[in-house]
2 protein chains.
Amino acid sequence: MAGTFPADLPEPPYYAVIFPSQRPPGDPDDGYAEMAARMVELATRQDGYLGHESVREVDGRGVTISYWRDEAAIAAWRNHPEHVEARRRGRAGWYRDWAIRVCRVERAYRA
Amino acid sequence: MAGTFPADLPEPPYYAVIFPSQRPPGDPDDGYAEMAARMVELATRQDGYLGHESVREVDGRGVTISYWRDEAAIAAWRNHPEHVEARRRGRAGWYRDWAIRVCRVERAYRA
């Protein structure tokens, strides 16, 4: 994953897209890694992209969170043609299960 | 981790606490795993707890997201004495870096 961890973000409010996904265990060589790297490359160039965090365990459970300036930036990324195609392939087999949750980040701090 | 993955949650709105954290690599035997299991046990019993997702890679980067009915439920969990102590120990050495982001989940779906 490119970038800092945790992501280095501006002061809230901003938006987060939480994406938990279940891959098959063992990271099978099915083109997923190349797609994931390409999606990072594209997302980071989108207007309104603020950062992301992405973690996956060897059992296939993963969480990616991307951070955006506003809802318009999320919509533009959702409509990017390569992202649309990546989601289609995700539904077709890369993922066994997943969810998408769009959130408004109200506050952020170090505990 | 107990529970389903992705977490099985009610319809939005509800709240999410995003907690990315950097542990030392290799999951050192420093009492962290026992604390983490205890926090799950306690959190799931809290009024207003809806679910959680927690993933950590072998390099030590992890993301835990907990979901709550409302801000009052987040505040009550934040003030739980054992949770306060766990955060103190986290700051004292379990974590190298971390962030906390409190969000209102506006909508959720499968892409």
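User: Which residue of chain A meets the side chain of R101(B) in a salt bridge?
Analyst: This is a predicted model, in which local features need pLDDT of at least 70 and side-chain atom pairs count only at pLDDT 80 or more, while totals for chains, interfaces and linings use all residues; side-chain values use heavy atoms, without hydrogens and water. Residues are numbered from 1 along each chain as its sequence is written, with chains lettered from A and ligands numbered from 1 in the order in which they are written. A salt bridge is a side-chain nitrogen of Lys or Arg within 4 Å of a carboxyl oxygen of Asp or Glu. At 2.9 Å, N to O, the partner of R101(B) is E53(A).

User: How many residue pairs are in polar contact between chain A and chain B?
Analyst: A polar contact is a pair of N or O atoms within 3.5 Å; within protein, one must be able to donate a hydrogen and the other to accept it, and residues adjacent in sequence count only if both atoms are side-chain atoms. Six salt bridges are counted between chain A and chain B. With both residues at pLDDT 80 or more, the residue pairs in polar contact number 25.

User: Which element gives the most to the side of chain A that touches chain B?
Analyst: Helices (H or I, at least four residues) and strands (E, at least two) are DSSP runs, numbered from the N terminus. Elements giving two or more residues to this side include β1 (14-22), α3 (81-94) and β5 (100-109) of chain A. With 10 residues, the most comes from β5(A).

User: How much area do chain A and chain B bury between them?
Analyst: Contact (heavy atoms within 4.5 Å) takes 40 residues from chain A and 40 residues from chain B. Buried area is the accessible area (1.4 Å probe) that two parts lose on being put together, summed over both. Of the area buried here, 55% is on carbon and sulfur atoms, and the total is about 3,700 Å².

User: Which residue of β5(B) stands opposite I100(A)?
Analyst: Two strands pair if DSSP finds at least two bridges between them. Nine bridges join β5(A) to β5 (residues 100-109) of chain B, and the two run antiparallel. Opposite I100(A) stands Y109(B).

User: How far apart in sequence are the parts tied together by F19(B) and Y95(B)?
Analyst: Rings of Phe, Tyr and Trp (its six-membered ring) pair if their centres lie within 6.5 Å; planes under 30 degrees apart count as stacked, over 60 as edge-to-face and the rest as tilted. Over all chains there are 14 aromatic pairs. F19(B) and Y95(B) form an edge-to-face pair, 5.4 Å centre to centre with 90° between the planes. F19(B) lies in β1 of chain B and Y95(B) in the loop between α3 and β4 of chain B, so the pair joins parts separated by 76 residues.

User: Which residue forms a salt bridge with R69(A), and why does the pair tie together separate parts of chain A?
Analyst: The closest N and O atoms of R69(A) and its partner D47(A) are 2.9 Å apart. R69(A) lies in the loop between β3 and α2 of chain A and D47(A) in the loop between α1 (32-43) and β2, so the pair ties together parts 22 residues apart in sequence. The partner asked for is D47(A).

User: Which residue in the hairpin of β2(A) and β3(A) takes a positive phi?
Analyst: β2(A) and β3(A) pair in the antiparallel sense over seven bridges, with V55(A) bridged to V63(A). The hairpin has four residues between the strands, and phi is near 100° at G60(A).
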